[in-house]
Each structure stands twice: as structure tokens, then as C-alpha cells.
Amino acid sequence: MKSSSKYNISSEKPDRKTVERNRRIYMKYLCSKLISLIPPHHFKPSTEMLSQQDQVDQTITYIEQLKERVEVLKRRKDELVAQGTGERSSTSKKVMTTCTLETPAVEVRELGSTLEVILISGLKKNFALQEVINVLEEEGAQVVTAHFSTICDKVFYTIHAQVKITRLGIDASTVQLRLQNLVC
């Protein structure tokens, strides 16, 4: 017996329209959850709102870039491990080698739309970290993270920056030259 009330409270299977609506709502929720995991600076700036499909496409691109970066870092790690096992030197010799590095040193790596800057200087450096950040910002990058550590009498700086306008990019060689002029 069917009830004549507005709400049908029975154990009947929901109709296709309701099932499809619930599926779309759930898919929209999953997409928004996925997109919320991606850093906002990855999405290309535009004056108009991106469609859900464009956001998913850019998310896929970001994940592929991360996979490539992980592979590069794994290869680099394997190379470093292979070098370390080939030498069989004690930790004190490794520290001695590290402490005798030529300073100051500047290395700039371009990883897609990000830059990794590695600076090595002595304890009595002739530059301020803010000056390095200013150079990066003048060249069109936005600093995301900056770390430093001190080993023996050397200070190691690692700075990660994101390109502000991805379609223009950034010239890593110009950045390296300006930083070398600043540090040296």
C-alpha cells in the first residue's frame, strides 16, 4: 500500500534521477577535496574562474611533475649512495671534506616552475639573506621556503622559489650570475 503523503518512506529503491544527483554531488565533493590538496600557487593565474575540468587537468599536471621530481631525486640519491659506498671513508673524513669546500658557492637549479637555490658561505658572510630573496623576487620568483644549517665554519642555505608568472618563466643563469655577484 502506497502512502499518499508528500514523503515516500518505504524501502523502495531510489529512482535513477536521485541516484544520478547523489553521484554527481559525491563526484563534486571528491574533486574539490582533490583540488584542495594542491598548493594554490600551482594553478595558473587567470582573470576568469577555472572550470572543474581545467582544475583537474592542472592537478594531473602537478602530480606528473611531482612524479618526475621524485624520480630525479631518487636517481640523485642512488648516485650519492653509490659514491659514498665507493669511498668507504669514515664520518670524520666526510666532515673534513665538507669543511674544506670552497666558499662562497652558488648553485641554481630549475625544476619546472620552481627554482632551488643552494648557497654555501662562511660564518662571516658579506651578504644578508634578505638580499638574496630580493634578487629572486626581482627576477620574477616568489620564495616559498628558506632553510639554513651550519656545519663547521660553513653556512648552507637552501631556498625554494616558485615562478610568479609561469608563461614568462625565469632565467636560472641570470639568477645564478646575479647571486654570484652578490655573494662574491
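1. Which residues does the UniProt annotation "coiled-coil region" cover? According to that unreviewed entry, residues 56–83. Bear in mind that UniProt positions are given in the numbering used here, feature names are shortened, and annotations may be inferred rather than shown by experiment. In the model the span is 100% helix and 0% strand, and its end C-alpha atoms lie 41 Å apart.

2. Some ground rules before going on. This is a predicted model, where local features need pLDDT of at least 70, side-chain atom pairs count only at pLDDT 80 or more, and totals for chains, interfaces and linings use all residues. Residues are numbered from 1 along each chain as its sequence is written, and side-chain values use heavy atoms, with hydrogens and water left out.

3. On confidence: the mean pLDDT (the predictor's confidence in each residue, from 0 to 100) is 79, and 79% of the residues reach 70 or more. The stretch to watch is residues 88–98, where pLDDT is below 50; beyond near neighbours in sequence, it has 5 contacts in the model (contact means heavy atoms within 4.5 Å). Where pLDDT is low, the predicted coordinates should not be read in detail.

4. Overall layout: 5 helices and 4 strands, in the order α-α-α-β-β-α-β-β-α along the sequence. Both are DSSP runs numbered from the N terminus (helices H or I, at least four residues; strands E, at least two). Of the 184 residues, 21% count as buried (under 20% relative accessible area; exposed is over 50%, partly exposed in between; 1.4 Å probe, protein chains only). Among contacts with a separation of 6 or more, 57% come from residues 24 or more positions apart.

5. Now the sheet. It is open, with 4 strands in the order β1-β2-β4-β3 and antiparallel pairing (two strands pair if DSSP finds at least two bridges between them). β1 (105–111) and β3 are the edge strands with a single partner each, so one side of each has no neighbour in the sheet. Neighbouring strands are turned by 15° against each other on average, direction ignored. For angles, axes are lines fitted to C-alpha atoms, for helices over the stretch in contact, and values run from 0 to 180 degrees between N-to-C directions.

6. Pairings around β4: 9 bridges link it to β2 (residues 114–122) in the antiparallel sense, and A161 in β4 has L115 opposite. Helix α5 (residues 172–183) packs on the sheet, touching β1 and β2, with its direction at about 160° to that of β1. β3 (residues 141–151) and β4 (residues 154–163) run antiparallel too, joined by 10 bridges, with V143 opposite A161. Their hairpin has 2 residues between the strands, and C152 there takes a positive phi near 55°.

7. Helix α4 (residues 129–138) has V132, I133, V135 and L136 buried. These four sit on the same side of α4, because they cover an arc of only 155° around the axis (taken from the directions from the helix axis to the C-beta atoms). Their cover includes β2, β3, β4 and α5. Just after the helix, G140 has a positive phi of about 100°.

8. Q162, in β4, is buried with a relative accessible area of 8%; leaving out residues up to four places away in sequence, it touches H41, S113, T114, G140, A141, Q142 and V144. I118 belongs to β2 and, with the same exclusion of residues up to four places away, touches A105, V106, E107, R109 and Y157.
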